[in-house]
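Student: Please take a close look at the ligand site. Then place it in the protein as a whole.

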Amino acid sequence: MASKNFDMIVIGAGPGGYVAAIRGAQLGLKVAIVEREHMGGICLNWGCIPTKALLRSAEVFHLMERAKDFGLKAEGIGYDIDAVVKRSRGVAKQLSSGVAFLMKKNKIAVFMGEATLSAKGKVSVKGEKGVEELTAKNIVLATGARARELPGLEGDGKRVWTYKDALVPPHMPKKLLVIGSGAIGIEFASFYNTLGAETTVVEVMDRVLPVEDAEISAFAKKQFVKQGMTIMEKSTVKKLDRGADKVTAHIEAGGKVTTQDFDTVISAVGIVGNVENLGLEKLGVKIDRTHVVTDQYCQTGVDGLFAIGDIAGAPWLAHKASHEGVMVAELIAGGKPHPVKPESIAGCTYCHPQVASVGYTEAKAKELGYDVKVGRFPFMGNGKAIALGEPEGMVKTVFDAKTGELLGAHMVGAEVTELIQGYVVGRQLETTEEDLMQTVFPHPTLSEMMHESVLDAYDRVIHV
Ligand SMILES: Cc1cc2nc3c(=O)[nH]c(=O)nc-3n(C[C@H](O)[C@H](O)[C@H](O)COP(=O)(O)OP(=O)(O)OC[C@H]3O[C@@H](n4cnc5c(N)ncnc54)[C@H](O)[C@@H]3O)c2cc1C
């Protein structure tokens, strides 16, 4: 069989792969992309986008319930879960089709099928048309990740759900257990809790959203509890007994195991990289647990083989995957791109209230030996937050006391997932407290709290 030759073959059309393919094509490379399921990957089809569509419905519902606070009348408020899900699937479909259009526009050859590395520089694609052989000097692995399934806590699509099930729920939960309080778990907890499910979150670590700054986690937890969630920290779900219409969870906390019944369980205990059946072992690619080991340029150590995005490890975020995709395409095209700096990648969680952060937490900065200056500003002191009816939240900044470098920024409250990018740009430009204090922030905006938090770190805060 004649093989088709390319400059670059990308395996996986998620935000890592499709962005790498577009950048490669822009730089004049002959590019092919192989995808076994859906253009746009997990992000567009089963991750970032459909969850945000669901959460938007929950947010609007919540605001309708609060109509009176705004002097408005909304009677007989309710929801149709099927319609909410239908909207979310429609948004995902629209964006996935958009990626297909972008492939065409950039003259990228798309092969729908399962890819394996048959040898160095060779990819076999098993699709509807049979097996096709492709060759290229450079191959980019962007096969992503899937839900981690702990023994006994596996999803069954009925009463115990993975994130995929939770996006297309077979029923609306009445009494819900969410195992794991990372971004994925807490977003689903927030969505279903807002729509009225009695929600319990079990977290093995000593706090919810454990990668966030401890103060932000504590603030968020308080809000979740106020909204009616039960939060169990330092707790582990040991076992699930599955019945026809209920699941009995055995939960260990403080050395004691108790049982509780739920009608639905969402297992959100992390993800594992899609490293299997790709032919990686044969080529000598190093794998650490379930992720391909790479250097700072996403090189695997096998000449011309790169790994980007979720398959290459944490942080498991779409923007990290895309940025690595651009970097790798530029490297392949002969450029000299900068490596991606993991500590400058913001993390956003779209629960209610939202959480966003970039850089070091206060504890991490101290652990690294920095003498820190910390600023804080509450939403309560901001005019726009009050006008929006969103007075709950805070902005925290961490500076190096010696140099004034912005080491980290941490936020909880309305719209902080949009605000965080201001600090990301600041960090990219290696900003110091002086630049941030000299910057004029528009009024009235939530962004003024970003200014005030910096001022607070240097005892110059105005509005508290
Ligand atoms: C519920 C949920 C919510 C999330 N929310 C956010 C968020 O708000 N923000 C954020 O930044 N991140 C979020 N993420 C994470 C984000 O989705 C991932 O970080 C991102 O999709 C990783 O991109 P990727 O390109 O590495 O892989 P993926 O998006 O997983 O794409 C990999 C693609 O490769 C294909 N593939 C795999 N193996 C093969 C093969 N052998 N042959 C051909 N094709 C193959 C798959 O079908 C898939 O389409 C969320 C994830 C989940 C699950």
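**The ligand and its shell**

Of the 38 residues around the ligand, those that come nearest are Gly16, Glu35, Lys52, Asp310 and Ala318. A residue counts as near if one of its heavy atoms lies within 4 Å of the molecule. This is a predicted model: local features need pLDDT of at least 70, side-chain atom pairs count only at pLDDT 80 or more, and totals for chains, interfaces and linings use all residues. Residues are numbered from 1 along each chain as its sequence is written, and side-chain values use heavy atoms, with hydrogens and water left out.

Next, the polar contacts. A polar contact is a pair of N or O atoms within 3.5 Å; within protein, one must be able to donate a hydrogen and the other to accept it, and residues adjacent in sequence count only if both atoms are side-chain atoms. A backbone N or O atom of Ala115 is 2.9 Å from a ligand nitrogen. The side chain of Glu114 has an N or O atom 3.4 Å from a nitrogen atom of the ligand. For His319, a side-chain N or O atom lies 3.3 Å from a ligand oxygen. The protein buries 95% of the 1,000 Å² that the ligand exposes when taken alone. These areas come from the Shrake-Rupley method with a 1.4 Å probe; for residues, only the protein chains shown count as cover.

Which elements give two or more residues to the shell? They are strand 2 (31-35), helix 2 (41-46), helix 3 (48-65), strand 4 (114-119) and helix 9 (318-332). Helix 2 gives the most, with four residues. Helices (H or I, at least four residues) and strands (E, at least two) are DSSP runs, numbered from the N terminus. By class, the shell has 19 nonpolar, 13 polar and six charged residues. Here Ala, Val, Leu, Ile, Met, Phe, Trp, Tyr, Cys and Pro count as nonpolar, Asp, Glu, Lys and Arg as charged, and the others, Gly among them, as polar.

Now the whole protein. The protein has 14 helices and 24 strands. Its C-alpha trace spans about 70 × 60 × 50 Å along the principal axes. Buried residues (under 20% relative accessible area, 1.4 Å probe, protein chains only) make up 52% of the 464 residues. Of the contacts (heavy atoms within 4.5 Å) with a separation of 6 or more, 61% join residues 24 or more positions apart. The accessible surface of the protein is about 21,700 Å², and 53% of that belongs to carbon and sulfur atoms.

Methods. Buried means under 20% relative accessible area, exposed over 50%, partly exposed in between (1.4 Å probe, protein chains only).
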